[in-house]
Amino acid sequence: MASPACAATVSGAPFAAMDFPLQPRRPTPGQRALAEALARGEAMMGEGIEQLPAATYTDPDRFAAEMRLFRTLPQLVAPSALLPEAVSAVAHDGYGSPLLLTRGADGRAHVLANACRHRGTRLVDGDEVVGAKRIVCPYHAWAYKPDGELSGMPRAECFPGFDRSANGLRAYPSAEIGGLLFYAEDEQADFSDLRALEPDFDAFGMAGLHLYERRVHDVAANWKLIVDAFLESYHVQRLHAQTIAHFFADGITVADRVGPHQRAAVGRAALLERADLDDMASLRRAVTFTYALFPASIVVVSPDYINLLVCMPQSVGRTLVEDYMLIPEPPQTNEAAAHWQKSWALLDGGAFGTEDFGAAARCYRGLASGTIETVTLGTLENGIADFHRRIDAALAR
Ligand code: FES
Ligand SMILES: [Fe+2]
């Protein structure tokens with residue numbers, strides 16, 4: 001469960017919240033403990049500088065070793081809100097394997113192989129959600145139900161002795177936890193550390209949110225450089241001077257860990273004094289929570305919306321980052337539509353898409369040039385050092 005850890009934070013952003021009817025929810029004990037620490041002024045800082053070899057980010061052999069983490073640990077694939085309707089499906093390729101995310105008639109989500117059991121043909125193309133009453137292979141028209149069951153084979157008599165029931169689409173281990181859909185390549189993968197965060201996600205009402213927008217960013221950077229940006233607050237007043245810095249002008253940060261996952265909170269002192277720490281809506285106006293789900297997904301909780309950043313490494317110097325923005329309900333008025341558009345542009349277009357990801361790409365260019373051999377982390381950046389220690393520990397297992 002929660003264990004004390006490093007300082008850290010947040011590239012997150014509060015934003016002038018509208019009065020959306022967020023359901024009254026209580027923070028979890030862990031969330032409340034961070035808020036109380038902020039209220040006491042307990043900003044966490046490291047004790048001294050630390051250094052990392054530049055090759056941590058640029059060595060192809062290191063990258064190949066790290067990919068084992070992505071194969072053995074559960075990975076975030078999408079918010080539940082990507083598939084709001086039963087009997088629907090969407091292709092997902094960012095992690096390398098051709099996946100098919102589906103929701104069955106009973107509402108259960110599945111992560112299946114997007115490859116026909118007959119001769120391997122890709123079943124669903126594109127990145128839009130499609131109806132999935134029957135998923136029909138374009139080659140010989142084998143048909144599958146959204147739970148993967150093989151439900152139809154033309155000229156079935158041509159396959160004597162073939163066990164249809166044992167030849168549904170390959171199903172990966174998966175779990176929908178607090179409004180987020182995770183999957184694993186490894187049959188033995190353990191989802192329990194993520195389940196420990198379910199009360200936190202429930203406290204945000206994540207499972208009931210509406211998907212406002214999603215976008216894939218193609219970032220020319222090592223995946224860890226992108227995660228690093230969400231583990232330190234040092235850059236916020238500088239890199240984000242034109243976008244979100246003013247929201248964090250009086251920001252202080254605390255963090256802890258739930259298993260390998262980091263939970264951070266940055267508080268705004270002026271608002272924290274007046275906040276009701278037992279009411280999540282009130283707390284979210286004063287505190288931005290950010291979760292770094294090990295190894296490479298980020299959840300940023302702004303006052304009235306949430307961004308998920310799903311980092312999917314493609315090579316040592318290239319990472320796809322899918323940004324999902326979740327809002328309480330579909331926009332009902334022009335004012336609401338304009339509000340969400342502004343929020344989307346502020347973070348996806350500005351703070352994340354241009355500034356954080358742009359900095360990661362520039363950082364990678366510098367490191368890949370071989371000009372410097374080590375990077376130096378100050379006391380406000382020890383969340384990064386802690387993250388890299390957790391990677392080293394996971395690789396050593
Ligand atoms: S490859 Fe799918 S039906 Fe033949
Ligand atoms: Fe940032």
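Over how many bridges do strand β4 and β7 pair? The count is two, in the antiparallel sense, with β4 spanning residues 88–92. Strands are DSSP runs of E with at least two residues, helices are runs of H or I with at least four, and both are numbered from the N terminus. Two strands pair if DSSP finds at least two bridges between them. Ala89 stands opposite Val130 in β7. The two strands belong to an open, antiparallel sheet of four, ordered β6-β5-β4-β7. Its edges are β6 (109–113) and β7 (130–131), each pairing on one side only.

The model is predicted: local features need pLDDT of at least 70, side-chain atom pairs count only at pLDDT 80 or more, and totals for chains, interfaces and linings use all residues. Residues are numbered from 1 along each chain as its sequence is written, while chains are lettered from A and ligands numbered from 1 in the order in which they are written.

The protein holds eleven helices and 20 strands. Of its 397 residues, 46% are buried (20 or more other C-beta atoms within 10 Å of the residue's own, with C-beta atoms placed from the backbone).

The domain assignment, automatic or from a database, gives domain 1 (2–74 + 208–396) and domain 2 (81–183). Their C-alpha centres lie 32 Å apart. Nine residues of domain 1 and seven residues of domain 2 make the contact (C-beta atoms, placed from the backbone, within 7 Å). On the domain 1 side, β13 (210–219) and β19 (318–327) each give two or more residues. The largest share, three residues, comes from β19.

Key: Buried ≥ 20, exposed ≤ 12 C-beta atoms within 10 Å, placed from the backbone. Contact = placed C-beta atoms within 7 Å.
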